[in-house]
Amino acid sequence: MKLILLGPPGAGKGTQAARLVEKHKIPQLSTGDMLRAAVKAGTPVGLQAKAVMDAGGLVSDEIVCGIISDRIEEADAKNGFILDGFPRTVAQAKALDELLAKKGMTLDAIIELKVDEAALLSRIENRARETIAAGGTVRADDNPEAFKVRLDAYRVQTAPVSAYYAGRGTLKTVDGMAPIDQVTKALDAILG
Ligand code: AMP
């Protein structure tokens with residue numbers, strides 16, 4: 001199964017993707033996670049991406065498309081994958097169309113988690129609190145200033161991605177404000 005999870009930062013994409021990973025035994029391919037790993041490892045991509053990520057902006061389409069193109073070819077993605085945080089611009093969505101066509105792959109579902117924007121900042125603050133309580137390190141961009149930039153990037157650059165897929169009749173939406181288990185059920189109903 002190959003699917004895309006869309007939705008603003010804090011919508012719950014990561015939480016739901018983790019459950020889908022368990023259920024369908026396919027990897028979650030989060031460009032955010034991959035970029036954070038590159039930053040941590042100090043790779044050339046990481047060095048290029050760090051400042052823009054910390055500020056909440058978007059890394060170049062070229063970099064993320066290259067990362068995804070390579071990643072979906074890996075052995076663990078043979079039976080499918082969940083794209084989380086990609087595509088984030090219409091240019092990325094078009095590039096994804098092209099690279100899937102080239103690889104002879106097709107998507108099974110494109111699902112958007114719809115959430116009330118007013119709830120997002122408190123969700124991000126919660127995530128930071130929970131991370132600290134668990135002894136982890138809070139993401140450099142999980143703070144109100146960077147979050148505002150991330151939300152703006154979402155509105156301007158990523159919301160049109162939903163419109164792009166909706167225009168093709170391939171977008172399904174799920175109420176991301178529902179309790180976590182209910183969101184999971186709604187996703188299961190779509191995915192069968
Ligand atoms: P995320 O973990 O999905 O919230 O992503 C964290 C940050 O990584 C974003 O704010 C961007 O700076 C960068 N990023 C992740 N995915 C993409 C993407 N598809 N295109 C551009 N930048 C991305």
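I take a polar contact to be a pair of N or O atoms within 3.5 Å. The model I am reading is predicted.

**Entry: ligand contacts**

I looked up Thr31 with that cut-off in mind. An N or O atom in the Thr31 side chain is 2.7 Å from a nitrogen atom of the ligand.

I then checked Arg88. Its side chain has an N or O atom 3.1 Å from an oxygen atom of the ligand.

How much of the ligand's accessible area does the protein cover? I noted 96% of the 480 Å² that the ligand has on its own.

**Entry: the shell and the pocket**

I counted 16 residues around the ligand. Thr31, Arg36, Gly57, Gly85 and Gln92 come nearest. I sorted the shell by class: six residues are nonpolar, five are polar and five are charged.

Which helix gives the most to this shell? I wrote down helix α2, residues 31–41, with four residues. I also checked the site itself, and the ligand sits in the largest pocket.

**Entry: Ala109**

I moved on to strand β4, residues 109–114, where Ala109 has its place. Is Ala109 buried or exposed? I read a relative accessible area of 12% for Ala109. The cut-off for buried is under 20%, so I log Ala109 as buried.

Leu171 is 62 residues from Ala109 in sequence. In space the two are 7.5 Å apart, C-alpha to C-alpha.

**Entry: backbone**

I kept a general rule in view here: most residues other than glycine have a negative phi, and most peptide bonds are trans.

I checked the peptide bond from Phe86 to Pro87. It is cis, with omega near 0°. I placed Pro87 in the loop between β3 (81–84) and α5 (90–103).

I then looked up Lys25. Phi of Lys25 is near 55°, a positive value in a residue other than glycine. Where is Lys25 found? I located Lys25 in the loop between α1 (13–24) and β2 (28–30). The relative accessible area of Lys25 is 62%. Exposed means over 50%, so I log Lys25 as exposed.

Key
Residues numbered from 1 in each chain as written. Predicted model: local features only at pLDDT ≥ 70, side-chain atom pairs only at ≥ 80, totals over all residues. Heavy atoms only, no water. Near = heavy atom within 4 Å. Polar contact = N/O pair within 3.5 Å; in protein donor to acceptor, adjacent residues only side chain to side chain. Areas by Shrake-Rupley, 256 points an atom, 1.4 Å probe, with all protein chains shown as cover. 1 Å grid on protein atoms, 1.4 Å probe; cavity = no way out; pocket = protein on both sides within 12 Å on 5 of 7 lines; lining within 4 Å. Sits in = over half its atoms within 2 Å of the grid points. Helix = DSSP H or I, 4+ residues; strand = E, 2+ residues; numbered from the N terminus. Nonpolar A, V, L, I, M, F, W, Y, C, P; charged D, E, K, R; others polar. Buried < 20%, exposed > 50% of the residue type's maximum accessible area, 1.4 Å probe, protein only.
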